[in-house]
Amino acid sequence: MANSIFTDVSDERFVYLNRMLDDEYFRQFGEVALRYKKINQIGDALAVLLLTEQEELAGGGCIRFFDENTAEVKRVWVPEPFRRHGYGRRIVTELEQKAKELGYTYMVLETSHMMPWATSLYESLGYSYIPNYGFYENDDLCVCMKKAL
């Protein structure tokens with residue numbers, strides 16, 4: 001069973017996890033992944049969650065400010081050896097709870113239709129599709145979703 005740790009963006013484990021996520025995106029999607037590198041910088045995260053299993057990183061993610069009522073889910077990822085244990089679901093659920101504690105009433109996120117495992121997870125957690133926002137507004141590779149907390 002993984003342990004949950006709320007931390008911040010300066011935590012070297014989170015920095016490492018993000019580097020691994022960027023590497024995986026590049027392996028899966030090639031040069032197109034570089035288009036999102038700047039938007040995936042999360043120095044302004046409100047909360048960072050790490051899951052550890054016997055000192056190994058089992059996953060993580062964060063939330064950041066979107067608007068006065070809404071937090072945005074970012075950088076949710078579970079390394080290969082820890083997949084299919086419900087950790088992605090757990091990360092999102094714990095981030096939702098943290099957002100509620102911080103006074104947010106909605107969560108938004110962006111993912112890709114090229115990642116059906118991600119869209120399926122978010123759909124199963126009650127997220128609905130919304131028009132693409134901000135940086136993703138005219139991007140055919142992206143889908144945006146929202147959920148009331």
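**Cysteines and salt bridges**

At a relative accessibility of 1%, Cys 144 counts as buried in this structure, which is a predicted model. The sulfur atom of Cys 144 has its closest cysteine sulfur in Cys 142, at 6.6 Å, a separation that is too far for a bond. Cys 142 is likewise classed as buried, its relative accessibility being 6%.

Pairing between charged side chains was examined next. Side chains of opposite charge can pair when their charged atoms come close. Over the whole structure, the search returns 10 salt bridges. One of these joins the side chains of Glu 24 and Arg 83, with a separation of 2.9 Å from N to O. Because Glu 24 belongs to helix H1 (residues 12-29), whereas Arg 83 sits in the loop between strand S4 (70-77) and helix H2 (87-101), this pair ties together parts that are 59 residues apart in sequence. The two partners fall into separate accessibility classes: Glu 24, at 13% relative accessibility, is buried, while Arg 83, at 22%, is partly exposed.

Arg 83 also takes part in a salt bridge with Glu 80, in which the N to O separation between the side chains is 2.8 Å. The relative accessible area of Glu 80 is 44%, so that this residue is assigned to the partly exposed class. Through salt bridges that share partners, Glu 24, Glu 80, Arg 83 and Arg 84 are joined into one network.

A further salt bridge links Asp 44 with Arg 64, where the closest N and O atoms are 3.8 Å apart. As Asp 44 is located in the loop between H1 and strand S2 (45-53), and Arg 64 in strand S3 (residues 56-67), the pair therefore ties together parts that are 20 residues apart in sequence. With a relative accessibility of 46%, Asp 44 is partly exposed, whereas Arg 64, at 8%, counts as buried. The N to O separation of 3.8 Å in this pair qualifies as a salt bridge because the cut-off is 4 Å.

Terms used:
Residues numbered from 1 in each chain as written. Predicted model: local features only at pLDDT ≥ 70, side-chain atom pairs only at ≥ 80, totals over all residues. Heavy atoms only, no water. Helix = DSSP H or I, 4+ residues; strand = E, 2+ residues; numbered from the N terminus. Buried < 20%, exposed > 50% of the residue type's maximum accessible area, 1.4 Å probe, protein only. Disulfide = S-S within 2.5 Å.
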